[in-house]
Amino acid sequence: MNAVRAAVLLAAAMLLQWWWSAHLAYWGAAPQFLFALTILIAARRGPVPAMLIGWMWGLYADVLRADLFGADALLYMLAGYVAGQFRSQVDLEATGPLAAAVFLLSWVYFLLRGALGSIFAKSFLWAGWIPALATPLLNAVAAAVAAELWDTRRAR
Amino acid sequence: MQRETRIAHYVAVCLAALSLVLLSLPLSSPVRAFKACAAYVFDPLPYEGEQGYQRIAQAPERVRALLTADVQNRRLQEELRGDAWLRATTQSLTAENERLRAELGLKTPAALHPLWAHVMERDPLRWYSSFSVDAGEDRGVTLNDAVLGRSSDTVVAVGRVVDVRRRESTVLLLTDERSAVAAYLSSGTLEGLVQGQSQNSGLLLMNYINSEAKIVPGDTVFTSPTSVTFPPDVLVGRVAAVNPRDPFLASQSVEISPASNAAALQEVLILRARAPIGREYETERPVAVSSDAAASQAER
């Protein structure tokens, strides 16, 4: 039953990401729910499930963007790995540090994605200043809201 | 904890390798194609939205066409009302003209009965010479009836009927060398005889113009009131060139570019001298024209 519920939640997150990106993105800025949730899962469940889910969500994000297939899978997976590794040093269970981590990792994500573009697409894939500045903030807010929902549900 | 970290390392290495393989492969184009296909199949909104947008986008165009048609309809109705007034005025003037002619003792001109006919056949060997029309004895056409045409909303002289059969007739064009029509120049009302030319079938020759007259290329030429066949003031053509004067002749001649393009004519107006037996083919009221026979010698 838990597996089914988890699958439904994963699919719902993917659907939310697609719908928001398609209809509510302004000037290219939209929260990366899947990225934020990957870090949240890493903080709450450890790096291995976060990496697996993050890699799958990354592939989905690659399909949505379709400019550098495999880049998001690698970066989402790395975000889950890094968050999972640092959760022993930093209290990522708390909402504040989690939001800060998501904010920083989002910036690292943009820089690494550009670098991967330089290697595999022969041009630095720069998302633009507005998405690069707004998206980490949106990701942090999304991660904080998701963490609060997670905690509320667990408290019941 | 050590075990989990070790597993995380393995998983990270495996997934990173897999990701790098995916990055190395040229998968962006196939993924885009798959995405477009999936979007078309699973997300009908773009397709339906496009269809709906097209329908809505065409709506203003249809409304505009409707409004344009309405405006044209109103304008045509006004023109029709004006035509009715013009017809009444014409009838009044015709009646007045007939009364004055009667008082002066002038001969009342014979009424002509117009009839539209289609050009049905052209002889390739005599392209500028004649053509056949689908009106003959059955519709009241008689020999030497005048044939007019339309050129840019202007009625122009085309030729005359030279052969009448049961259901068709042959029209001899003005450009045929056997044709001739009395005409005058608009600049000085100088009369002359417009004839077809055998050498240059596309142009007419206007002869017997006063040798002292100053003629300018571009002058318009109309049928003369002295013409037997044609009603007066029907456009024949324009002066294309003035021929050099012959000092031994008392007249000069000019080349006329005919107003009617015989090759482009599809319908012609035959002015029947005789009233038709039945009125089923009548298109207009009879037209009164002057037909003073005094100058009939000028025209064959």
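Residues are numbered from 1 along each chain as its sequence is written, and chains are lettered from A and ligands numbered from 1 in the order in which they are written. Because this is a predicted model, local features need pLDDT of at least 70 and side-chain atom pairs count only at pLDDT 80 or more, while totals for chains, interfaces and linings use all residues.

**View 1. Chain A and its helices.** Chain A has 6 helices and 0 strands; helices (H or I, at least four residues) and strands (E, at least two) are DSSP runs, numbered from the N terminus. Along the sequence the pattern of chain A reads α-α-α-α-α-α. Of its 156 residues, 43% count as buried. A residue is buried if 20 or more other C-beta atoms lie within 10 Å of its own, exposed if 12 or fewer, and partly exposed in between, with C-beta atoms placed from the backbone. Among the contacts in chain A with a separation of 6 or more, 65% come from residues 24 or more positions apart. Two residues are in contact if their C-beta atoms, placed from the backbone, lie within 7 Å.

**View 2. The contact of chains A and B.** Chain A gives 20 residues to the contact and chain B gives 16 residues. On the side of chain A that touches chain B, α3 (47-65), α4 (71-86) and α5 (95-121) each supply at least two residues. The residues of that side of chain A divide into 16 nonpolar, 3 polar and 1 charged. Here Ala, Val, Leu, Ile, Met, Phe, Trp, Tyr, Cys and Pro count as nonpolar, Asp, Glu, Lys and Arg as charged, and the others, Gly among them, as polar.

**View 3. Helix α1 of chain B.** Which helices of chain A do the buried residues of α1(B) pack against? They pack against α3, α4 and α5 of chain A. The buried residues of α1(B) are B:Ala8, B:Val11, B:Ala12, B:Leu15, B:Ser19, B:Leu22 and B:Leu23. Helix α1 (residues 2-24) of chain B has 23 residues, so at 1.5 Å a residue it should span 33 Å, and its end C-alpha atoms are 33 Å apart, which agrees. The expected span is 1.5 Å times one less than the number of residues of the helix.

**View 4. Strand β3 of chain B and its partners.** Strand β3 (residues 146-151) of chain B runs antiparallel to strand β4 (residues 154-164) of chain B, joined by 6 bridges. Two strands pair if DSSP finds at least two bridges between them. B:Arg150 has B:Val155 as its bridge partner in β4(B). The hairpin of β3(B) and β4(B) has 2 residues between the strands, and B:Ser152 takes a positive phi near 55° there. β3(B) also pairs with strand β12 (residues 267-272) of chain B, in the antiparallel sense over 3 bridges. In β12(B), B:Leu271 is the bridge partner of B:Ala146.

**View 5. Strand β6 of chain B.** In strand β6 (residues 180-185) of chain B, 6 of 6 residues are buried. B:Ala180, B:Ala182 and B:Tyr184 point one way from β6(B), and B:Val181, B:Ala183 and B:Leu185 point the other way. β6(B) runs antiparallel to strand β7 (residues 191-196) of chain B, with 5 bridges; B:Ala183 has B:Gly192 as its bridge partner in β7(B). With strand β9 (residues 220-223) of chain B, β6(B) pairs in the antiparallel sense over 3 bridges, and B:Leu185 stands opposite B:Val221.

**View 6. B:Ile215 in a loop.** B:Ile215 lies in the loop between β8 (204-210) and β9 of chain B. B:Ile215 counts as buried because it has 21 C-beta neighbours inside 10 Å. Leaving aside neighbours within four places in sequence, its contacts include B:Leu185, B:Ile209 and B:Val254.
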